[in-house]
Structure formats: structure tokens, C-alpha cells
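Me: I have a structure open here and would like to talk through how it packs. Could you take a look with me?

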Amino acid sequence: MARLELSNLHAEVAEGDEQILEGVDLEVESGEIHALMGPNGSGKSTTAKVIAGHPAYEVTEGEVLIHLEEDEFGDDVEIDEDQRTWNLLDLEPNERAALGVFLGFQYPAEIEGVTMTNFLRTALNAKLEEREELFEEEEGEEEEEDEGFETSPMEGPADEGEIGVAEFQEILQEKMEQLDMDEKFAQRYLNAGFSGGEKKQNEVLQAAILEPSVAVLDEIDSGLDIDRLQDVSEGINALRDEQGTGILQITHYQRILDYVEPDHVHVMLDGQIAKSGDASLAEELEDKGYDWVREEVYGTA
Ligand code: ADP
Ligand code: MG
Ligand code: MG
């Protein structure tokens, strides 16, 4: 079990003093699906980027914590109960990812000559290695430097503990079947000529491979036709059902929530969560828009 906790989070634009987040409180646990909704410009993407550690934003108040229960550690790791909470704001983006927070965005650019398969295997090994280092720090052990020979990503297995090519193929195949993705996809070069829908599917595939505790998905539904929306939605549901990932689904529209049913729905207005409820709140927003929430909360539209 893991819990991502935002408390009283305030953030402004790093270059300047425009305040965007004005005290966001939100908790997402493994296995839960939360929808974060709200009008354009309310601060949804900023919330996602602040969780990711995007340098364009400066946190001026509040916390972003991740708490991991014992079952999140490997068998050979023992971390005291009072040390299982990390303040993400003190950590680099790759360390945040290593602690199980996935932000689908960090959109890798098109890189010539790197296949999806190699990219994903490298990302998984990097996460596992970073995670081991973080846990060792908490355990207080000195890391032993392994001065082994470097091998190219095509050869593998490189280091001890690293996932080699053959093992990774099996993982990839299973996850791609889970997502109903064409096997050929993995042989394509990173992002080269990917359609909007393929990029979104790829984002879910990345999350399936990395097995995060909590995944933040920002507008993964935008620009998808209905078939792709259904494939992507099934993939998101599988993240939750097969690996217990908690989902923070950021969306402007209710449509995807017909396929990925949220346990909790939050409405963001002007950099704060103005209202929370269950799935029926999303339907109400679909019918009535966002203005009534503003009226209800602030007494004025
Ligand atoms: P949402 O995702 O809910 O549509 P955003 O988080 O993208 O909203 O933006 C919230 C507000 O903050 C908007 O008014 C936007 O213009 C402003 N904003 C976001 N990022 C920046 C930035 N890097 N520089 C200046 N203003 C920004
Ligand atoms: Mg500033
Ligand atoms: Mg946005």
C-alpha cells in the first residue's frame, strides 16, 4: 500500500510571482481511482507538474508526501515505520518516480535509433536501481559500488539485478497483451510518427511496465476517438486491477469516466479543490457545468 498526500500545497510560477495553486489538499491511495476535474486554467496541470517536480513552478507552502507500507519494499529491505514517508519536494524527479509516482507526460522526445522496447527497458532498470539506492539510504547502509563492465542496451543482462533483454521481452509482451496493443509497436522508434492515440497508449504502457504505486494521468483522454478511448481506459483499469496502482485522472470532460469509474471526484477552482464527491458528482458536472460549484462554494458565479 502507498499513499500520495498533497497538503496545503501552494505554488507559483518560478519566473515571477503569479500564484497558481492556493492550498491543494488531496490524498490518493493505491487501488483508488480519483478524478481531478475543473475548468480550463484552474490549476490541474500545474498540480500534476508540481508533483513531478517541474522546474517551471516553485512551491511556496505545503507538502507533497509519499508514504509506502512494508509491502512496497523488497523482502530484503527493512525500513522503520517512522521512516517510510518521503517528502517528494526534497527529491529529484527521477527519485520521485523511483518511489512509485508516475507522471505521464515527461514526454520523451523522438530519439533516433531508440526503439520503444529499449526505451522502456532502460526506464524500468533506471527506476529499479534508483529505488534500491533510496531504500539503502533509509536503511543506512553504504552502497557498494559495482565496477562491472558496461554493456550496450542491446546486449544485456548488463549488471547483476538488472532486467535483461529476454526477461524484459516477456514482461513487455504480457503488458502489451493486457493493453491490446500490436506487438509491432514495441519495435518502432521512440515517438517517431506516433499518432495522438498511440502516444496515449504508450503512456499507459509505460505505467504498466513501471508498476507505479500512484499514476498521475493528465488529460489522457484528449483527442482520442472512441475506440482508442476504450483501449486506453481498459489499460488504466488494468493498472488498478492487476497491479494496485492508485490513479489520479485529470480530465476536463466526464466522457472517460464512463469507462474508468472513479471512486472519488474532485473539482478544482482557482487553484484549490472546491468540492469532492463520488462518481455522481462527475455526472452532475456533465449536466450543469462548473459554475454551480463556484456559486455553491463562493456564493457567486
Ligand atoms: P488547467 O490544467 O486546469 O487548465 P493549468 O494548471 O495549466 O490549468 O494553469 C493554471 C493557470 O496558471 C492558468 O491561468 C495558466 O495560464 C497559469 N500558468 C500555468 N503555467 C504557467 C506558466 N508556466 N507561466 C505562467 N502562467 C502559467
Ligand atoms: Mg516565483
Ligand atoms: Mg491542463
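This is a predicted model: local features need pLDDT of at least 70, side-chain atom pairs count only at pLDDT 80 or more; totals for chains, interfaces and linings use all residues.

Me: How far does α5 reach from its first C-alpha to its last?
Reply: α5 reaches 21 Å over its 15 residues, which is close to the 21 Å expected at 1.5 Å a residue. Just after the helix, Glu211 takes a positive phi of about 45°.

Me: Which residues touch the most other members of the largest nonpolar core?
Reply: That core has 66 residues, and the ones touching the most other members are Ile51, Ile66, Val101, Phe102, Val214, Ala215 and Val216. The largest share of this core, six residues, comes from helix α5 (residues 196-210).

Me: Take Phe102, then: what is it in contact with, leaving aside neighbours within four places in sequence?
Reply: With those set aside, Phe102 is in contact with Ala97, Ala207, Leu210, Pro212, Ala215 and Val216.

Me: Switching to ligand 1, which residues are around it?
Reply: The residues around ligand 1 are Val13, Glu18, Ile20, Gly38, Asn40, Gly41, Ser42, Gly43, Lys44, Ser45, Thr46 and Ala56. By class, this shell has seven polar, three nonpolar and two charged residues, and its largest share, three residues, comes from helix α1 (residues 44-52).

Terms used. Residues are numbered from 1 along each chain as its sequence is written. Chains are lettered from A and ligands numbered from 1 in the order in which they are written. A nonpolar core is a set of buried Ala, Val, Leu, Ile, Met, Phe, Trp, Tyr and Cys residues joined through C-beta atoms within 7 Å. A residue is buried if 20 or more other C-beta atoms lie within 10 Å of its own, exposed if 12 or fewer, and partly exposed in between; C-beta atoms are placed from the backbone. Helices (H or I, at least four residues) and strands (E, at least two) are DSSP runs, numbered from the N terminus. Two residues are in contact if their C-beta atoms, placed from the backbone, lie within 7 Å. A residue is near a molecule or strand if its C-beta atom, placed from the backbone, lies within 6 Å of it. Ala, Val, Leu, Ile, Met, Phe, Trp, Tyr, Cys and Pro count as nonpolar, Asp, Glu, Lys and Arg as charged, and the others, Gly among them, as polar. The expected span of a helix is 1.5 Å times one less than its number of residues.
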